Amino acid sequence: MEQDKSAGVLHSQRALAEVTEMIRTSHLVHQGMLNLQSFDNAGNDLSGDSDMIFGNKIALLGGDYLLANACQQVATLRNQDLNMLISSAFRDLAESNFIGERDEQNNPLPTKPSAHAKELATDVNSLDDLGFGDLEDNTEPMKIDGVVGSPEKEWSLRHVLGGGSLLGKSCQGALMLGGHPESLQKQGYLFGKHLSLAWQACIDMQPFLLPKLPMGAQFSLVSAPVLFQLEHDSALYEEIEKGRKSVDNIDYTKVHQAVLDGPGLEKTKILQRKHSLAAMKVLNELPATDARRALQNIILAMQEL
């Protein structure tokens, strides 16, 4: 197998990394499209919105171009199992846009927590309860029964579908291309998935590390601190419901202060630590190399954010 001597990786593994980046970028570009007609105004003339229409066309074509190139590059690797694996990651990204409720611009809204939802975030050993069927066969669609309305499960599903699956399957694919056994490939998937969720928890915490939300600033309403606060105080959901037409109608300062006053931020820190430990556990089973140490350093650096 021909290697890139400067990095110690296979050319096919480098190509897979490029494919992963193209898929992720195409997904983000497609998400930049705007809904120019609400349900109330459907069918109206849009000639006055020519600039916005052009922007949507560019977003659509640009995303499609990247996605088409990614598909072509995967095909050139001539590995049917890898092709199926990456194709299932495409599907997961698409499904991530259909989880839970959304406003008219397709911005995600949290689901009102179920009174029977099991609390998992305070248990660092509760990862087995988050299985969506991907632990058995991650090429099949994930099971979502009983997920919506359970804060941690809903958060995990959204972000596994929206990015964790892609990173995990890319790690699995890299090990597949390296000729490693299937058992190690599965560990690669788990590492990528948990690393992605740990990083997402870090991102979710950032707006709530400030004592006061800057004027006009917004944050994700499906971030872990918000979901955990809604679980703690369901009365806050009355504010969330104001955003069914547009998330701009929500008082973000009120939601921000509620999260600071509640347990949501602390539970998110536990959530981040839980996925970091799960990713580190996989790494500890691998031989000691510079690559393993680099990945461990990434996980350790997240604890300091």
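User: Happy to start with Glu95: why does Glu95 count as partly exposed in this predicted model?

Analyst: Good place to begin! Glu95 has 27% relative accessibility.

User: What makes the pairing of Arg91 and Glu95 a salt bridge?

Analyst: Their side chains come to 4.0 Å, N to O. The cut-off is a side-chain nitrogen of Lys or Arg within 4 Å of a carboxyl oxygen of Asp or Glu, so the pair qualifies as a salt bridge. Both residues sit in helix α3 (residues 80–95), four residues apart, about one turn of the helix.

User: How do you know whether Arg91 is buried or partly exposed?

Analyst: Arg91 shows 23% relative accessibility. Buried would require under 20%, so Arg91 is counted as partly exposed. Its other partner here, Asp92, forms a salt bridge with Arg91 at 3.1 Å between the closest N and O atoms. Asp92 is at 0% and therefore counts as buried.

User: Which parts of the chain does the pair Lys274 and Glu152 link?

Analyst: Lys274 and Glu152 meet in a salt bridge of 2.6 Å, N to O. The pair joins distant parts of the chain, with Lys274 in helix α9 (residues 264–284) and Glu152 in helix α4 (residues 151–177), 122 residues apart.

User: Why are Lys274 and Glu152 called buried?

Analyst: The limit for buried is under 20%. Lys274 has 1% relative accessibility, so Lys274 counts as buried; Glu152, at 3%, therefore counts as buried too.

User: And how many salt bridges does the structure hold?

Analyst: The structure holds 13 salt bridges.

Definitions and conventions. Residues numbered from 1 in each chain as written. Predicted model: local features only at pLDDT ≥ 70, side-chain atom pairs only at ≥ 80, totals over all residues. Heavy atoms only, no water. Buried < 20%, exposed > 50% of the residue type's maximum accessible area, 1.4 Å probe, protein only. Helix = DSSP H or I, 4+ residues; strand = E, 2+ residues; numbered from the N terminus.
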